[in-house]
Amino acid sequence: MVLLAGLNRALWPKLRPATQWRLVSTSNRKNNETATADVCKAPAAKAPPKNWISFGYDIRDQKEDLHAHHSLMFVGISLCLMIGGYVWAYAPDLNLRDWAGREAFLELRRREASGGPLIDPNFLPVDRIVLPTDEELGDTEIII
């Protein structure tokens, strides 16, 4: 739509001189009889309203500018945000966060059914744990 308006503005000034020929009489008659032709009464280009500020889509035509702005805002808000939000909300769990929670509940049920402890106190063998000595800690405050 904007391209068509720009094309119209580019071609119309070239075609207008051919449609607006005026015949002027060069005789020395005293009366007002002259040969004339009908002039194409093309609508004059209206100046934009005094306080109009363009949205940046069309700086010459307020109607085209407003139409382009409304169209792009509709597409941007309705389609991108609303449909994009819907797709994002119902997309599959790509980071497997839900899977980790489900797996933890299944493991808890398995441990309850077997009668063992829910959390194994020896998950990491004690001989593999390396703690600093008292000399290495020095005056460091230990908060438990």
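In this predicted model, aspartate 58 sits in the loop that runs between helix H1 (2–19) and helix H2 (62–89). A polar atom of the aspartate 58 side chain lies 3.2 Å from the backbone nitrogen of arginine 60. Another aspartate turns up at the start of H2: a side-chain oxygen of aspartate 61 comes to within 3.3 Å of the backbone nitrogen of lysine 63.

As for H2 itself, its 28 residues should span 40 Å at 1.5 Å a residue, and the C-alpha atoms at its ends are 39 Å apart, so the two figures agree. The buried residues of this helix are Glu64, Asp65, Ala68 and His69.

The ring centres of tyrosine 86 and tyrosine 90 are 5.0 Å apart and the ring planes meet at 50°, so the pair is classed as tilted. Tyrosine 86 counts as exposed because its relative accessibility is 55%, over the 50% cut-off. Tyrosine 90 is exposed too, with a relative accessible area of 63%.

A word on confidence: the protein averages a pLDDT of 79, and 67% of the residues score at least 70. Confidence is lowest in H1, with a mean of 56, and highest in helix H3 (residues 97–114), at 92.

Definitions and conventions. Residues are numbered from 1 along each chain as its sequence is written. This is a predicted model: local features need pLDDT of at least 70, side-chain atom pairs count only at pLDDT 80 or more; totals for chains, interfaces and linings use all residues. Side-chain values use heavy atoms; hydrogens and water are left out. Helices (H or I, at least four residues) and strands (E, at least two) are DSSP runs, numbered from the N terminus. A polar contact is a pair of N or O atoms within 3.5 Å; within protein, one must be able to donate a hydrogen and the other to accept it, and residues adjacent in sequence count only if both atoms are side-chain atoms. The expected span of a helix is 1.5 Å times one less than its number of residues. Buried means under 20% relative accessible area, exposed over 50%, partly exposed in between (1.4 Å probe, protein chains only). pLDDT is the predictor's confidence in each residue, from 0 to 100. Rings of Phe, Tyr and Trp (its six-membered ring) pair if their centres lie within 6.5 Å; planes under 30 degrees apart count as stacked, over 60 as edge-to-face and the rest as tilted.
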